[in-house]
Amino acid sequence: MELRVRSLRRDDDRSTFRSGDASLDVFFAQYAGQHQFKTCASVTYVVEGEGRIAGYATVTAACIDIGDLPPEDRLRYPYPAPVLSLARLATDERDRGQGIGSKLLTHVFVLAAKMADELGCVGVVVDSKAGALPFYEKFGFKPRPVVTPMADTPTPLFLKIATIKKALGSA
């Protein structure tokens, strides 16, 4: 099956999506549309498979204090740096292992590269749940410093734009 990424549409049926994580499913079913179409706070991208949505990624523009980046990625700015925040990424349980998460993350990288070229963007940030850490690490994400790490809290990660552009072949 050819995987295509597109923006969420108002009439997309989100009711049958099941990732296995209730918070991701509730966000997608109840709030993704509101955030995209009413408040313009984020945009959700989807992959369709077999007549239904097989995965989604929600992104938003953000800023990050330079001190919150890994030491080797800190830049010398007098103000917070622009980043693309990957707020959520999920694959339907029925479609795991088919490359949908990777396809969505690659699309996020394309968006970040475009943002860097047109508006400014130093990288992508994500707060990873423990089970997703290996997925993000294989793409080169690095942990960001945390003030007080707590059990069962997401791990803040960062991937710099130079690494993203190199992976996309646009460096």
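Let's start with Y56, whose relative accessible area of 0% makes it a buried residue. Keep in mind that this is a predicted model. F28 also has 0% relative accessibility and so counts as buried.

**Aromatic pairs**

The structure contains nine aromatic pairs. One of them is formed by F28 and Y56: with ring centres 4.2 Å apart and planes at 10 degrees, the pair is stacked, because planes under 30 degrees apart fall in that class. F28 belongs to helix α1 (residues 22–38) and Y56 to strand β3, so this pair ties together parts that lie 28 residues apart in sequence. Another pair is that of F135 and F139, which is edge-to-face because its planes stand at 65 degrees. Here are the two side by side.

| Pair | Centre distance | Plane angle | Class |
|---|---|---|---|
| F28 and Y56 | 4.2 Å | 10 degrees | stacked |
| F135 and F139 | 5.2 Å | 65 degrees | edge-to-face |

F139 has 22% relative accessibility and therefore counts as partly exposed. Through ring pairs, F139 is also part of a cluster with F109, F135, Y136 and F141.

**The sheet**

Seven strands form an open sheet with mixed pairing, in the order β1-β2-β3-β4-β5-β7-β6. Which strands stand at the edges? They are β1 (5–7) and β6 (142–143); each has a single partner strand, so one side of each is left without a neighbour in the sheet.

Strand β2 (residues 43–49) pairs with β3 in the antiparallel sense, over seven bridges. Within β3, T58 is the residue opposite T44. The hairpin of β2 and β3 has two residues between the strands, and E50 there takes a positive phi near 55 degrees. On to the next pairing: β3 and β4 run antiparallel and are joined by ten bridges, with I64 standing opposite A81 in β4.

The loop between β3 (52–64) and β4 (81–91) holds D73. Is D73 buried or exposed? With a relative accessibility of 5%, D73 counts as buried, because buried means under 20%. Apart from neighbours within four places in sequence, the contacts of D73 are K142, F158 and K160.

**Helices on the sheet**

Helix α2 lies across β1, β2, β3, β4, β5 (123–128) and β7 (155–160), and runs at about 165 degrees to β4. Helix α4 packs on the sheet too, where it touches β5 and β7, and its direction makes about 60 degrees with that of β7.

The two helices also meet each other. Helix α2 (residues 100–118) and helix α4 (residues 161–168) pack at an angle of about 115 degrees, their axes being 10 Å apart, and the crossing is left-handed. Which residues of α2 and α4 make the contact? From α2 come T106, F109, V110, A112, A113, A116 and D117, while α4 brings I161, I164, K165 and L168. Sorted by class, this contact has eight nonpolar residues, one polar residue and two charged residues.

Methods
Residues numbered from 1 in each chain as written. Predicted model: local features only at pLDDT ≥ 70, side-chain atom pairs only at ≥ 80, totals over all residues. Heavy atoms only, no water. Axes fitted to C-alpha atoms, helices over the stretch in contact; angles between N-to-C directions. Helix = DSSP H or I, 4+ residues; strand = E, 2+ residues; numbered from the N terminus. Left-handed = near helix turned anticlockwise from the far one by under 90°. Contact = heavy atoms within 4.5 Å. Nonpolar A, V, L, I, M, F, W, Y, C, P; charged D, E, K, R; others polar. Buried < 20%, exposed > 50% of the residue type's maximum accessible area, 1.4 Å probe, protein only. Pairing = 2+ DSSP bridges. Phe/Tyr/Trp six-rings, centres within 6.5 Å; stacked < 30°, edge-to-face > 60°.
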